[in-house]
Amino acid sequence: MAVVDKNRPSPEWIEHLRKRYPCEQEIDRVLTRKLERRAGPPYAPVTLDLLQAGTEALLRTQLSEPFTISDTRWLSGGASKLQMAFVLHWNQPGVGRSSTPLVLRMEPSEAITETSRLREFQIIKAMEGKVPVPPTYWIDAYGEYLPYPAIVYGFAEGVTKPSKSSSSVSGVGTFIPPEIRETLGQQFVDHLAITHTFDWQQADIGAYDRPAAGTEALEWALNHWERVWEEDSHEDVPLMRLTMAWLRRNMPPVDHVSVIHGDYRLGNFLYTEHDLRISAWLDWELGYLGDRHEDLSWSAKRQFGHLAEDGKTFLVAGCLPIEEYLARYERASGLKVDPQRMQYYDLFNNYKAIAIVLATGYRAPLNGKTHQDVLVAWLSGISYPLLEELRTQMAEVL
Amino acid sequence: MELRPSFQIPALIKSLTDVVLPAVDPANKLAQEQGQLVVAMLHLMAQRLPLQYHYDCHELKQFLGLADSLAAHGAALPELGESLAALATDVEAGRAVLSRAGVAPAELEATNLALRTSVGAAISASAMAADGPDTKAINAAVMAHAQEMLLRERAWLAMQGWEGPNAGLPAVETLIGD
């Protein structure tokens, strides 16, 4: 069998993957760019001064009046992107001279999730006023002004977990106290229902391919994640092969194409502790047009919730028992929850999660491509409990 | 199992070099010095780890040679009588171990990797076949293999704590003996 050097991908191999796994155009673009750049240098640390200069260069193309940037500092959180907080002193349209706290969110050389800033920017703009999202201001979609593609966000207020709660990296293992579960849980349901019933046909989301009814959206998604597995994995995993074959043979058609958040879960929303209001839904980078059951299944994963005080009842997002969660969703959205499709997307989601943490979570730090290789490498260890979960799910369907 | 030292150590070095050490107080000379030494030690480990097994085999072989010389030349010296008797026991044990020492770990890892790839391709190819007893048996074999492998992999990484303290994972040592 011919050995492919995935650390130095040849143009022929890249082209082979593009043909074998056709997916959305913008996703194809970012995955192809990732491979074309892979043999290049590893991620080199950037300074706050460099990011400030790049941000100023970007803003000069967007603002006609003088501005200054101050108070730059690093933010932590998340396993994927670099984040710099800063204050912009400017003449804000409709407001006048202002000092606005903002966040620059920039890709590293390769991220644990290789995604498009353009898609992220467009979907957040589209969802503004529908569900709480952080204000988005400007985008450097192709890294023309900054070292890598980036978005300038407003500084959303709130916390991802109770101030007194603990959790491991990336929000996994957060505990939600009983007294706030109902209020947060209902918003969690309502915002998902709004997202899934949003009329995307009229939205300005040109970086998204619009799937036909049937299985087209799912085929693109399967191609996307199998391509990621092929591009990034080191050790082949027989169970992943078996799972992908099953997923392809059992594709359910979609009855209602929805905006899918792609990472809808505890840890990816901010809420203000004084009034328990969800103030922003974060991390839309995995969004696409597809089947709502992906978000429903993903949000209900064991890793993104915990048991109630009785030690038996699993609480989705630490807030609601699964039956209650799905019943409320059906009422809020007017859309049915199909148990068979939930089961299908349980498998799909684990395949996707393992492709991210085991394949990309290995390849990116191996080549020194991120700003936090040690965190990404650590996270790759969660692959094995996920694979075990996938194994038990496969045992149920085979 | 992807989390092996050849993958982990460079990530540790990069984190220390790019993020942690630049943030250490320049006035704290003890922390500065030890930080630099940790990085240097990790570089040394990363460089020598692939050779460690060969090194130990070579060392054993060389000591066996020295022991042979001592036995040959010391046999006539009564002062060595007791020591040579003890030495003979350890030489015998050493030769037995050296005779069992097999291929280098890197070769074992590369062979596993190649076999995984071929197995994966065969599984994908089997998915193209019509359902029948043979494909069912293949699926069952993959599932059984996955169960065993995943128990081992999860036990290997139990210390990370992903499954909590009550996961009931056996000690990995009990899973990798023949």
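Trainee: How many salt bridges does the rule find across the interface of chain B and chain A?
Mentor: Start with the general idea. Side chains of opposite charge can pair when their charged atoms come close. Now this case, which is a predicted model. The rule finds 5 salt bridges across the interface of chain B and chain A. One pair to look at is Glu235(A) with Arg4(B), whose side chains meet in a salt bridge at 3.8 Å, N to O.

Trainee: Which elements of chain B give two or more residues to the side that touches chain A?
Mentor: Those elements are H1, H5 and H6 of chain B. By class, that side of chain B has 19 nonpolar, 9 polar and 9 charged residues. Polar contacts count too: between chain B and chain A there are 12 residue pairs in polar contact, both at pLDDT 80 or more.

Trainee: How is the size of an interface given?
Mentor: Often as the accessible area lost when the parts come together. Here, about 3,600 Å² is buried between chain B and chain A. Carbon and sulfur atoms give 69% of that area. In chain B, Glu2(B), Phe7(B) and Trp162(B) lose the most area to chain A. Together they make up 22% of what that side buries. As for contacts, 37 residues of chain B touch 39 residues of chain A.

Trainee: How many salt bridges does the structure hold over all chains?
Mentor: The count over all chains is 46. Take one within chain A: the side chains of Asp232(A) and Lys34(A) meet at 3.1 Å, N to O. This pair links distant parts of the chain, 198 residues apart. Asp232(A) sits in helix H6 of chain A, and Lys34(A) in helix H2 of chain A.

Trainee: Which element gives the most to the lining of the largest cavity?
Mentor: H6(A), with 5 residues. Two elements give two or more residues: helix H2 (25-38) and helix H6 (216-232) of chain A. The lining divides into 10 nonpolar, 4 polar and 6 charged residues.

Trainee: What is the volume of the second largest pocket?
Mentor: About 1,400 Å³. Its lining has 40 residues. Met1(B), Arg4(B), Leu108(B), Glu109(B) and Asn112(B) lie nearest its centre.

Trainee: How do the lining residues of the second largest pocket divide by class?
Mentor: Into 26 nonpolar, 6 polar and 8 charged.

Conventions:
Residues numbered from 1 in each chain as written. Chains lettered and ligands numbered in written order. Predicted model: local features only at pLDDT ≥ 70, side-chain atom pairs only at ≥ 80, totals over all residues. Heavy atoms only, no water. 1 Å grid on protein atoms, 1.4 Å probe; cavity = no way out; pocket = protein on both sides within 12 Å on 5 of 7 lines; lining within 4 Å. Points joined across faces, edges and corners; volume = space filled by probe spheres on them. Nonpolar A, V, L, I, M, F, W, Y, C, P; charged D, E, K, R; others polar. Contact = heavy atoms within 4.5 Å. Buried area = accessible area lost by both parts, 1.4 Å probe. Salt bridge = Lys/Arg side-chain N within 4 Å of Asp/Glu carboxyl O. Polar contact = N/O pair within 3.5 Å; in protein donor to acceptor, adjacent residues only side chain to side chain. Helix = DSSP H or I, 4+ residues; strand = E, 2+ residues; numbered from the N terminus.
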